[in-house]
Amino acid sequence: MEVKKRSTPILPWMRSPVDVNQFEACALNLVPCLDPRLEVALDKMGFSSLFPVQVAVWQETIGPGAFERDLCINSPTGSGKTLAYALPIVQKLSTRSVKCLRALVVLPTRDLALQVKEVFAAIAPAVGLSVGLAVGQSSIADEISELIKRPKLEAGICYDPENVTCELQSSVDILVATPGRLMDHINSTKGFTLEHLCYLVVDETDRLLREAYQSWLPTVLQLTQSNEESLFPLANSFLSSTFGSLKTIRRCGVERGFKGKSHPRLVKMVLSATLTQDPSKLAQLNLHHPLLMTTGKRRYQLPEKLESYKLICESNLRPLYLVALLQELGEEKCIVFTSSTESTHRLCTLLNLFGDLGIKIKEYSGLQRQSRRSKTLKSFREGKVQVLVSSDAMTRGMDVQGVRNVINYDIPAYIKTYIHRAGRTARAGQAGRCFTLLHKYEVKRFKKMLQKADNESVPHYSVPSSSIESLRAAYNSALGKLKETVESEASRKRKFGSKFLKLSRTKPTDRRKG
Ligand SMILES: Nc1ncnc2c1ncn2[C@@H]1O[C@H](COP(=O)(O)OP(=O)(O)OP(=O)(O)O)[C@@H](O)[C@H]1O
């Protein structure tokens, strides 16, 4: 007998969402209250209107909603969620008079954080705001000097470095960070404070809530919680009047208690194309009167102009079919997803051993150094590389213009993974295709998985058998070379490993002598 999986109850507030589909795109000059300087900045970005999800969020933030509720935004990949939160935050902070860290955006990976920072950087300076990045791209010292302003030393005056904390100020109004580097700054950067934080954005929420990442979330929530019930309220006011430092008084209050008050509670915005409904996960965010904004009735949505195809072949012939498909796609930018970093490396090596395919193919995976990954991503963005073979490092959030095709070399294990992978194409209302290579025994599972995203029938895609036949000889030769390459890589690794071991066994004094 089949045991039915007990479904988790949906939280009451999730049952009455705002449907983003009810909103239409809105020309920039018709967006109510939009700061004209931001209109100019958006125009420079090539944007002439706001997308529906951006209009819907604008309503709940700058419009009548007035940031009174925490927002949970579940809208498809490529629908424009980044600007949906960036624009209202920037508009709201545009009237601030003192610079301090007021908005924090947390993302799971460095490349994603860089991408989001670019969006803020395109609009925030237009209204005099600065944006910082804390991702560990540069040394911690360089990052600190970007984020914290040191007091100007007048000639002849020497400050005690231990005693300058109260003089240190934030150089940024908005910080985009990954959890690890954020925790480094919280724990050890003098002058780094979340005391004045007004906005917290948790992008790719379900991914970020899956791991603790050094307990960044409870730490941020604790550091920003209401300080009205502080044990020493008088001490607080004494300190601020004595030292004249800026103090942010938070209130926790009820739904409509904040209008016109200068220091509201911390507002949270959480987003994903596959937002979790798990009450225990959402509870970690300690949301205030949350409002769910979602697109349509289905929990999982694929982009409107995405076409999904299945390509059936024997497992051992998959590389052959992949090459034939890549040749058909020609120079169109394409991402090929595999199930692991190891198979990404192996597949990319194999493809490059096929002889001249007339397309530049590179690997992008968590196995590589960040600098290498960033370089590859840059070449891909610039069109110098046409095909990226990737592990799931590329699955979420990455926005690369002109990606027309996504290929699942390995079938994704979950519908969420399919949605994020496929979502690297068909972005911003553009058309795109997602091909999945399947063995005939996987077809049923694949169909069942796609039904969860309302995708009932996925047509077959076939490559001509003549293309397959013409590639066979090159395939066999590539397989032979792959064996050699793998063996020489393994022996290089072994050599490097034993050298490293020897080195670490040597006494430090000996090493210095050598
Ligand atoms: N108003 C707009 N007009 C034109 N293009 C836009 C607009 N807003 C966003 N875009 C473009 O749409 C693309 C997708 O935006 P974004 O990366 O924010 O999507 P997303 O919803 O966060 O996707 P994902 O769930 O995959 O992270 C980007 O290339 C962005 O530049």
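Visitor: What makes the sheet of eight strands an open one, and in what order do its strands lie?
Guide: In this predicted model, the strand order is S1-S12-S4-S11-S10-S5-S9-S6, and the pairing is parallel. Strand S1 (18-19) and strand S6 (131-134) stand at the edges with a single partner strand each, so one side of each lacks a neighbour in the sheet.

Visitor: Why is helix H2 said to pack on the sheet?
Guide: Contact requires heavy atoms within 4.5 Å, and helix H2 (residues 52-61) touches strand S4 (71-74), strand S11 (267-272) and strand S12 (291-294), with a direction that makes about 175° with that of S4.

Visitor: How do you know that strands S5 and S9 pair?
Guide: Two strands count as paired if there are at least two bridges between them, and strand S5 (residues 103-106) has four bridges to strand S9 (residues 174-177), in the parallel sense. Within this pair, Leu 104 stands opposite Leu 175 of S9.

Visitor: Which strands stand at the edges of the sheet of six strands, and why are they called edges?
Guide: The order in this open sheet, again with parallel pairing, is S13-S18-S17-S14-S16-S15. Strand S13 (306-312) and strand S15 (361-364) have a single partner strand each, so one side of each is left without a neighbour in the sheet. Neighbouring strands here are turned by 20° against each other on average, direction ignored.

Visitor: What makes S14 and S16 a pair?
Guide: The requirement is at least two bridges, and four bridges join strand S14 (residues 333-337) to strand S16 (residues 387-390), the two running parallel. Cys 334, for example, has Val 387 in S16 as its bridge partner.

Visitor: Where does UniProt place the feature "domain: Helicase C-terminal"?
Guide: The UniProt record, an unreviewed entry, places that feature at residues 321-471. Over residues 321-471 the chain is 38% helix and 17% strand, and the end C-alpha atoms lie 9 Å apart.

Visitor: Which residues of helix H15 are called buried, and how do you know that they are on the same side?
Guide: Buried means under 20% relative accessible area, and in helix H15 (residues 443-451) Phe 446, Met 449 and Leu 450 are buried. These residues cover an arc of only 95° around the axis, which puts them on the same side of H15. An α-helix has 3.6 residues a turn, so residues three or four places apart point the same way.

Visitor: What does the buried side of H15 pack against, and which residues does the opposite face carry?
Guide: The buried residues of H15 pack against S13, helix H14 (415-422) and strand S18 (432-438). The face turned away from the buried side carries Lys 444 and Lys 448, which are exposed.

Terms used: Residues are numbered from 1 along each chain as its sequence is written. This is a predicted model: local features need pLDDT of at least 70, side-chain atom pairs count only at pLDDT 80 or more; totals for chains, interfaces and linings use all residues. Side-chain values use heavy atoms; hydrogens and water are left out. Axes are lines fitted to C-alpha atoms, for helices over the stretch in contact, and angles run from 0 to 180 degrees between N-to-C directions. UniProt positions are given in the numbering used here, feature names are shortened, and annotations may be inferred rather than shown by experiment. Buried means under 20% relative accessible area, exposed over 50%, partly exposed in between (1.4 Å probe, protein chains only). The arc is that of the directions from the helix axis to the C-beta atoms.
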